[in-house]
Amino acid sequence: MSLPEATPARAAPVPAVGLRLRRLSPAAVLCALLLAVTACLVLYPLANLLYGSFRVSLISPPTALTLDSYVRVYSDPRTYFIFGVTIVYALGFTVLAMVVALPLAWIAARTDTPLRKHIPWLVLIPYVIPASLHSVAWLLLLDPGSGLVNAAYRAFSGSDATLFNVYSLAGMIWVSFTIALPPAFTLLATGLERMDPTLEEAASVSGANGLQTLRRVLVPLILPSLLSVFTLLFIVGLEAFDVPAFVGLPANIRVLTSEIYYFMSQNVPAQPGRAAAFGFLPLLLAVPLTVYYVRVIVHQERFAVITGKAWAPRVVHLGPFRWVTLAFFLVVYAIVGVLPIVVLVGAAIFPDYKALASLNLSAASLKNFALVLDDPVTFRAFRNSIVLAAGGGLVTILLAFGLSYVLTRTRIKGRALFEFLAFIPFSLPSILLGVGILFGYVAFPIDIYGTVWLLGIAYTTKYLPYGLRTTSAALLQIHRDLEEAATVAGASRLRAARSVLLPLALSGFVAGWSILAIHNLREFSMSILLYAPGSEVASVLFFSYWEHGRIGEIGALGVLLIGLSLALLLGANRLRTAGAMRRLEG
Amino acid sequence: MSWKTNARMVLAVLVLAALLSGAACSSASSAASKPQAGAAAPAAGAGGALFDPEKAKAEGTTVGIGTFLDSQVAALRQGFEAKYGVRIEFSHPTSSETVTRLLAEASSGRMRNDWVIVSDDGMKVLNEQGLLDPLPQEILDRYPEKWRGPDGAWIVYELYAWGILYNNKLVSPDAAPKNLDDLASPQWKGKLALVDPRQALSALAWAKGWYETMGDAETDDLLRRFAANDPRYFDSPSRLASGMVQQQFAVGTGNLTHELSVGGAGGDLTAVAIQPTYANLGAFALLKNRPHPQAGLALADYLNSPEFLRNDAALGYPVTQTQIPRVVKALQGVDIVPMPTFADQDEQNKWREKVRADLDR
């Protein structure tokens, strides 16, 4: 008897959602405003970038336009070599992250491994560490000359050899893998938890063994999740800048973003035309991948709506093997999660690098924390980071919620175009988006250049897709009957959205806000171009401290930032849980 | 959604972007042709003094941008803020970013900075675009003629002399390299750091100086030997110096003033001057249409005073006011010559390709 092939149930087309908006109703005006704001947010810097890419130079007359930048960049064989290195780098850490994240996700979501319920929140701890700080931590560990791991190896082995030189393509891939593993795990674990176990049970009842069930049921079901996570990580890899800047440049390993940075930061005057020409190259890959990613996610979410009855994931009982899976998790977590944090704490409490390297405990103190908190610039950067994380995240999630409403609850023609528009920054390298924002807003009628507002606009533009993702998922899972019942009872569309949709979508709203807050805290590529005295943020300060060898202050500021991020996450989780409890009680 | 629909969406976005580009272009054109609004040339202070201290204090803040290190900013703040009651705000991007930002601010008609510290290459670009406000004669007179920019647009107040640095805890003075040829020796393989001429404009200018001094064949050979030693590359001399303090490598090239300004007095870094000793020129200028006219003048007066420059020299920087002695031992009595410059970006790119041919492996 052949086994039933498991295929994702064909999602019935979601009925045209929502009612028609009456012309000039408040709801219609608000929808139009949201769409206009989104279009402006995305297209204004893009337009400035496009225009800048055709200028002869920064100091040429504004109407002197040329294709020279494109010709120079695309006719240079070195461009394609760098593009190739970028793809190898992005593919390398993406594949490594998937290979490790998938078994971890399976362990957490589908087995009886001890402590599995704690794995999801434990994995979040390294996730909140900014990529620039991750890079610094691994440099402190794996620098060939003075890295703690290499120094320990030399001390134990008695040889002069280096165990691992982090300043290499392999080093870049390793550091990026440790950064990518937490989000890869989280997304895959979510996908595994959502899988309907009845299909597996049907296979088991039909006589399939574990391997057959895996091959013919589980893999087809998990494939969309795997592909979407792979796509997400690969796109992020194409536009990554932190790790290539900290780890790659000292080894003269160039990727596309480091070339963009080079044209903007190492030429006098800068060459934004060539930077833009370089920056548009990864879009050849990133845009179709982004379109594919958006389509896969929307398909997945509609699938979840169709089969949205409650269930518990099927747990596999491993017997004594569960201790092996626990050991696997603990080893991975110790290396990827604990080690960087330990070295950052060490950098924070030891007065200098020499004391850290020799682990001279008698020299440990809180002096670096005092230095950081006493410095007005550091304090201001910390404050700005908090404001941008919490406040900026809130503004972005509100915009995302409104946009998601338009996309999922209305029949406005062309709304798909705006979804596509909102996702464009997702595929654009952040550093290039920063260039567009710099040139676009420096002459803006409202004077926001050099202020925290400009950074807020930059973050909202870049991370709107992330917010859109979570709010759309939340709204798609709420049946429209509830909203229609409110409107039938006399509520306006806005009232129905506020009183019915928002409370039900609160969980997704808070989850989205916390994701955005973390991304805003971590952001570096745009911040380094857009900050000015008064609008410094923590990530820029890390770079400046690294430039000046102030390792202790990096550690101290890093520990404070990690603590703050975890507090934000815990608070968001409490809010989400409290909201859910109130709904149950109410 | 079909591929046709996707393609239509992409086309629609491109059309919208092109329309907005046109809007951006016309906006930039009108900004460029707009007469520069802002403060008129500031009146001198009472009794013909350089600036009015009361007005400067009322302005409250002065904003600068450029390539000062943290230690220099701290020294400036310590003296200036206490003396005049005016706060200093300073951002320190790279030279290129400094010039880019100032050009962008000028094109918007809203200058946010009062003064700038950048190399003479950057000053030339800013001056050509009409961004610099000539310094008062009283300040110019503190310096020999050769350190003044055209029409007093800027002054060179300090020099960034380049040479060899080594970590004296890892390398003894006898074993330390004495010249570039020593530095390229295979014994330094894996222990060498270089400021990368492919990335850093100053290092590229220095390499140009080697070509002019030693000739093509010898310089090409030197660069290939450096590359064969698997050096760590840096785009910033200060980051190189910081890494050397942390014992990430033992020897390298860089800014000799970092012996003190990064390594600290009696610290782990030792500078070795080589012949000829080339230097970047650290220049200061006031900006036109600055938001704090009097505070900017006050800062210009203080920064170019012997009081501040002695503190700056104590950090290791050779200053161009000749009555203030050099502190870094390797630079005492050494004849420092300005680094070669580049006529334009095309020349920069040409030299970059030349060194890349030797360094890329």
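This is a predicted model: local features need pLDDT of at least 70, side-chain atom pairs count only at pLDDT 80 or more; totals for chains, interfaces and linings use all residues.

Chain A and chain B meet through 65 residues of chain A and 64 residues of chain B. Together they bury about 5,700 Å², and 55% of that area lies on carbon and sulfur atoms. On the chain B side, the residues that lose the most area to chain A are Arg101(B), Arg239(B) and Gln246(B). These three together account for 11% of what that side buries.

Polar pairing also crosses this interface. Between chain B and chain A, 15 residue pairs are in polar contact, with both residues at pLDDT 80 or more. Several elements of chain B each supply at least two residues to the side that touches chain A. Among them are helix 1 (3–33), strand 2 (87–91), helix 4 (95–108) and helix 14 (345–359). The largest share comes from helix 1 of chain B, which gives 14 residues. By residue class, the side of chain B that touches chain A divides into 24 nonpolar, 22 polar and 18 charged residues.

How many salt bridges does the rule find across the interface of chain B and chain A? There are four. In one salt bridge between the chains, the side chains of Arg380(A) and Glu89(B) meet at 3.3 Å, N to O. Another salt bridge pairs Asp70(B) with Arg550(A), whose closest N and O atoms are 2.4 Å apart. This pair runs from helix 3 (residues 70–84) of chain B, where Asp70(B) sits, to the loop between helix 25 and helix 26 (551–585) of chain A, which holds Arg550(A).

A search of the whole structure gives eight cavities of 30 Å³ or more, and the largest cavity has a volume of about 180 Å³. It is lined by 17 residues. Those closest to its centre are Phe246(A), Pro250(A), Trp546(A), Phe234(B) and Arg239(B), so residues of both chains take part in the lining. Arg239(B) is also one of the chain B residues that lose the most area to chain A.

Which elements each supply at least two residues of this lining? They are helix 10 (242–248) and helix 25 (538–547) of chain A, together with strand 7 and helix 10 of chain B. Helix 10 of chain B gives the most, with three residues. The lining of the largest cavity divides into ten nonpolar, five polar and two charged residues.

Over all chains, the count of salt bridges comes to 30. One salt bridge within chain B joins the side chains of Arg77(B) and Glu81(B), at 3.6 Å, N to O. Why are these two separated by about one helical turn? Because Arg77(B) and Glu81(B) are four residues apart in helix 3 of chain B.

Two backbone features of chain B remain. Most residues other than glycine have a negative phi, and most peptide bonds are trans. A cis peptide bond, with omega about -10 degrees, joins Gln275(B) and Pro276(B). Pro276(B) lies in the loop between strand 9 (269–272) and strand 10 (277–287) of chain B. Asp151(B), a residue other than glycine, has a positive phi, near 55 degrees. Its place is the loop between helix 6 (137–140) and strand 5 (155–167) of chain B.

Definitions and conventions: Residues are numbered from 1 along each chain as its sequence is written. Chains are lettered from A and ligands numbered from 1 in the order in which they are written. Side-chain values use heavy atoms; hydrogens and water are left out. Contact means heavy atoms within 4.5 Å. Buried area is the accessible area (1.4 Å probe) that two parts lose on being put together, summed over both. A polar contact is a pair of N or O atoms within 3.5 Å; within protein, one must be able to donate a hydrogen and the other to accept it, and residues adjacent in sequence count only if both atoms are side-chain atoms. Ala, Val, Leu, Ile, Met, Phe, Trp, Tyr, Cys and Pro count as nonpolar, Asp, Glu, Lys and Arg as charged, and the others, Gly among them, as polar. On a 1 Å grid over the protein atoms alone, a cavity is a set of points where a 1.4 Å probe fits but cannot get out, and a pocket is an open set with protein on both sides within 12 Å along at least five of seven lines; lining residues have an atom within 4 Å of a point. Grid points are joined across faces, edges and corners, and a volume is the space filled by probe spheres set on the points.
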